[in-house]
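Subject: Structure handover and notes

Hello,

My notes follow below it.

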Amino acid sequence: MTPRAPAMAPDERRAAIIASTVPLLRDKGRTVSTKEIAKAAGVAEGTIFRVFESKDELVDACVHDAFQTESLVLRLLEIDDALPLRERLAAAVATMQDYLRGIFSLMTVLQAGGKPMRPPHKGQDPRRERANTAVDDAFVALIGADTDQLRLPARELVNYLRMLTLSSVHPMLHHQGSSPQELVDVILEGALRRPEGGGN
C-alpha cells in the first residue's frame, strides 16, 4: 500500500494553489475554471473553496503574489559578485526584466477579460516600500566596492537603471527590446560620443 503524503499546512496549501493558478491565468485569463485549477494543483475542487471564498479572491491572491519581490531579491543576490561591474548589472537588469514581464503578462490577460483589476495594495503600504527598498539594496550590494568609480550615489544610479528597465518592458510604452547590456551601457557611459583616443 502506497503511504499517503503528509498533509500540507494551510499556508503551504494556499501557496501551492496560487503557484498552480498563475500559469493558467497567464494562458486563459479569468475564463480558467476552478476544475482546471484543482487538477493543476492536485487537489479536489472543493479544497479551493475551503482556502478561498471565491475564484475572484483566488485571482486577487495571484495578482498580489505576482507583485511580491522576495524571490526577485534572492535571484539578485545570487548573481556572482566576482563578475565585472557591467556584467553584474546586466545580469541584474535581465532578472528585473523577467520579473516585470511576468507581472505585465498577467495583468494584460486579466484586463482583457473586461473586469477591472484590483491593485494588490490600496494607497501607500509600508510593506511595498520595504519590498522596493530590498530590491534597491540588492542592486547596491551588486555594485559593491565599485561605488568609488561612480560620479553619483549608487542609489541614484539604481533608480535611473530601474526606470530604464521598466520602460524597456512596459507594454504601453512601445519601446521594448532594449537588451540589459544596452541599458547598462547608457547608464554607465551616457549617450554622448567619446573623443577618439579615449579622452574625457
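Leaving aside its neighbours within four places in sequence, which residues is leucine 183 in contact with? Please keep in mind that this is a predicted model. The residues in contact with leucine 183 are Val93, Gln97, Leu161, Leu164, Thr165, Ser168 and Ser178. Leucine 183 belongs to helix α9 and is buried, its relative accessible area being 6%.

Overall make-up

The protein chain has nine helices and zero strands. Of its 200 residues, 34% are buried. Taking the contacts between residues at least 6 apart in sequence, 64% join residues at least 24 apart.

In soluble globular proteins, nonpolar side chains tend to be buried together. Here the largest nonpolar core holds 46 residues, and Leu58, Leu76, Phe139 and Ile143 have the most contacts inside it. At least two residues of this core come from each of α1 (10–28), α2 (34–41), α4, α5, α6 (85–111), α7 (126–143), α8 (154–169) and α9 (180–189). The largest share is that of α6, with twelve residues.

Isoleucine 143 has contacts with Leu85, Arg88, Leu89, Leu150, Ala154, Leu157 and Val158, its neighbours within four places in sequence left aside. Among these, Ala154, Leu157 and Val158 are also buried residues of α8.

Helices α4 and α1

α4 has twelve residues, and its first and last C-alpha atoms are 17 Å apart, close to the 16 Å expected at 1.5 Å a residue. Its buried residues are Leu58, Val59, Ala61, Cys62, Val63 and Ala66. The elements that cover them include α1, α2, α3 (45–51) and α6.

How does α1 pack against α4, and at what angle? The angle is about 90 degrees, and the axes are 9 Å apart. An angle of 65 to 115 degrees counts as roughly perpendicular, so α1 is roughly perpendicular to α4. On the α1 side of the contact are Arg14, Ile17, Ile18, Thr21, Val22 and Leu25, and on the α4 side are Leu58, Val59, Ala61, Cys62 and Asp65. By type, the residues of this contact are eight nonpolar, one polar and two charged.

Helix α8

The 16 residues of α8 should span 22 Å at 1.5 Å a residue, and its end C-alpha atoms are 23 Å apart, which agrees. Buried in α8 are Ala154, Leu157, Val158, Leu161, Thr165, Ser167, Ser168 and Val169.

Proline 180

Is proline 180 buried or exposed? Its relative accessibility is 13%, and buried means under 20%, so proline 180 counts as buried. Proline 180 is in helix α9. Beyond its neighbours within four places in sequence, proline 180 is in contact with Ala90, Val93, Ala94 and Gln97. Methionine 96 is 84 residues from proline 180 in sequence, and their C-alpha atoms are 9.5 Å apart.

Threonine 69 sits in the loop between α4 (55–66) and α5 (70–77). With a relative accessibility of 5%, threonine 69 counts as buried. Its contacts, neighbours within four places in sequence aside, are Tyr99, Arg128, Ala131 and Val135. Arginine 130 is 61 residues from threonine 69 along the sequence, with 9.9 Å between the C-alpha atoms.

Aspartate 137 is in helix α7. At 34% relative accessibility, aspartate 137 counts as partly exposed. Its C-alpha atom is 9.7 Å from that of leucine 77, a residue 60 places away along the chain.

Regards

Notes:
Residues are numbered from 1 along each chain as its sequence is written. This is a predicted model: local features need pLDDT of at least 70, side-chain atom pairs count only at pLDDT 80 or more; totals for chains, interfaces and linings use all residues. Side-chain values use heavy atoms; hydrogens and water are left out. Helices (H or I, at least four residues) and strands (E, at least two) are DSSP runs, numbered from the N terminus. Buried means under 20% relative accessible area, exposed over 50%, partly exposed in between (1.4 Å probe, protein chains only). Contact means heavy atoms within 4.5 Å. A nonpolar core is a set of buried Ala, Val, Leu, Ile, Met, Phe, Trp, Tyr and Cys residues joined through side-chain atoms within 4.5 Å. The expected span of a helix is 1.5 Å times one less than its number of residues. Axes are lines fitted to C-alpha atoms, for helices over the stretch in contact, and angles run from 0 to 180 degrees between N-to-C directions. Angles under 35 degrees count as roughly parallel, over 145 as roughly antiparallel, 65 to 115 as roughly perpendicular and the rest as oblique. Ala, Val, Leu, Ile, Met, Phe, Trp, Tyr, Cys and Pro count as nonpolar, Asp, Glu, Lys and Arg as charged, and the others, Gly among them, as polar.
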